[in-house]
Amino acid sequence: MSKKTILTAEKVSKTYSNGSKKTRVLEQIDLQVEEGEFLAITGRSGSGKSTLLYILSLLDRPSEGRIIFQNCDTGAFSDKKDARCRLYNFGFVFQNYALLPELTALGNVMLSVVECRSDWSTVREESIDDRSDRRDE
Ligand SMILES: Nc1ncnc2c1ncn2[C@@H]1O[C@H](COP(=O)(O)OP(=O)(O)OP(=O)(O)O)[C@@H](O)[C@H]1O
Ligand SMILES: [Mg+2]
């Protein structure tokens, strides 16, 4: 059975600019991810693993090159379309946690599920209540 490519990086480069200081982090990365494939990106600290993952998951944009997701060139996506694509297609465990402090652990995990079901306010309330209940114990 032929494999289906779901995510492609084509000649992806990334340069961070901080004032006049420019840091070239990724240089012409080509990568293809097939459906069902389990892939590990390894490298020394500072080699650009997180930067590449941010770009592959549409959290950040490449300075050059393209990300193709399910045959769509994401370079043309608006920020809103990026966000919807992430919501429905990507899971991400951040290195620096990026949790919402006013929510419980469960609330944080459920955030994307709830967003998909447009039922956020109820779960948000429940999650905050649950947290204050536990503080009283
Ligand atoms: N927002 C930024 N602005 C400027 N430089 C950055 C920025 N983010 C990352 N860098 C730099 O880019 C390089 C790659 O960082 P990155 O976090 O992608 O590496 P990493 O491989 O994930 O490292 P680690 O294994 O420590 O998590 C590092 O030199 C880092 O200092
Ligand atoms: Mg990292």
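1. Two strands are said to pair if DSSP finds at least two bridges between them. Helices (H or I, at least four residues) and strands (E, at least two) are DSSP runs, numbered from the N terminus. In strand 4, Cys72 is the bridge partner of Phe69.

2. This is a predicted model, in which local features need pLDDT of at least 70 and side-chain atom pairs count only at pLDDT 80 or more, while totals for chains, interfaces and linings use all residues. Residues are numbered from 1 along each chain as its sequence is written, and chains are lettered from A and ligands numbered from 1 in the order in which they are written.

3. The overall arrangement may be described next. The chain contains four helices and four strands. Read from the N terminus on, these elements follow the order β-β-α-β-β-α-α-α.

4. The pairing of strand 3 deserves a separate point. Strand 3 (residues 64–69) runs antiparallel to strand 1, and five bridges join the two. Within strand 3, Ile68 stands opposite Thr8. Strand 3 is also antiparallel to strand 4 (residues 72–73), to which two bridges join it. Strands 3 and 4 form a hairpin with two residues between them. Gln70, in the turn of this hairpin, has a positive phi of about 45°.

5. How much of the chain counts as buried? Of its 137 residues, 9% do. A residue is buried if 20 or more other C-beta atoms lie within 10 Å of its own, exposed if 12 or fewer, and partly exposed in between, with C-beta atoms placed from the backbone.

6. Contacts require C-beta atoms, placed from the backbone, to lie within 7 Å. Among the contacts in the chain with a separation of 6 or more, 54% are between residues 24 or more positions apart.

7. Arg24 belongs to strand 2 (residues 21–34). Arg24 counts as exposed because it has 11 C-beta neighbours inside 10 Å. The C-alpha atoms of Arg24 and Lys14 are separated by 6.0 Å, and these residues are 10 apart along the chain.

8. Which residues come nearest to ligand 1? Of the 13 residues around it, they are Tyr16, Ser45, Lys49, Ser50 and Thr51. A residue is near a molecule if its C-beta atom, placed from the backbone, lies within 6 Å of it.

9. Strand 1 (5–18), strand 2 and helix 1 (49–56) each supply at least two residues of the shell around ligand 1. Helix 1 gives the largest share, three residues. By type, the shell has two nonpolar, 10 polar and one charged residue. Here Ala, Val, Leu, Ile, Met, Phe, Trp, Tyr, Cys and Pro count as nonpolar, Asp, Glu, Lys and Arg as charged, and the others, Gly among them, as polar.

Note on methods: Contact = placed C-beta atoms within 7 Å.
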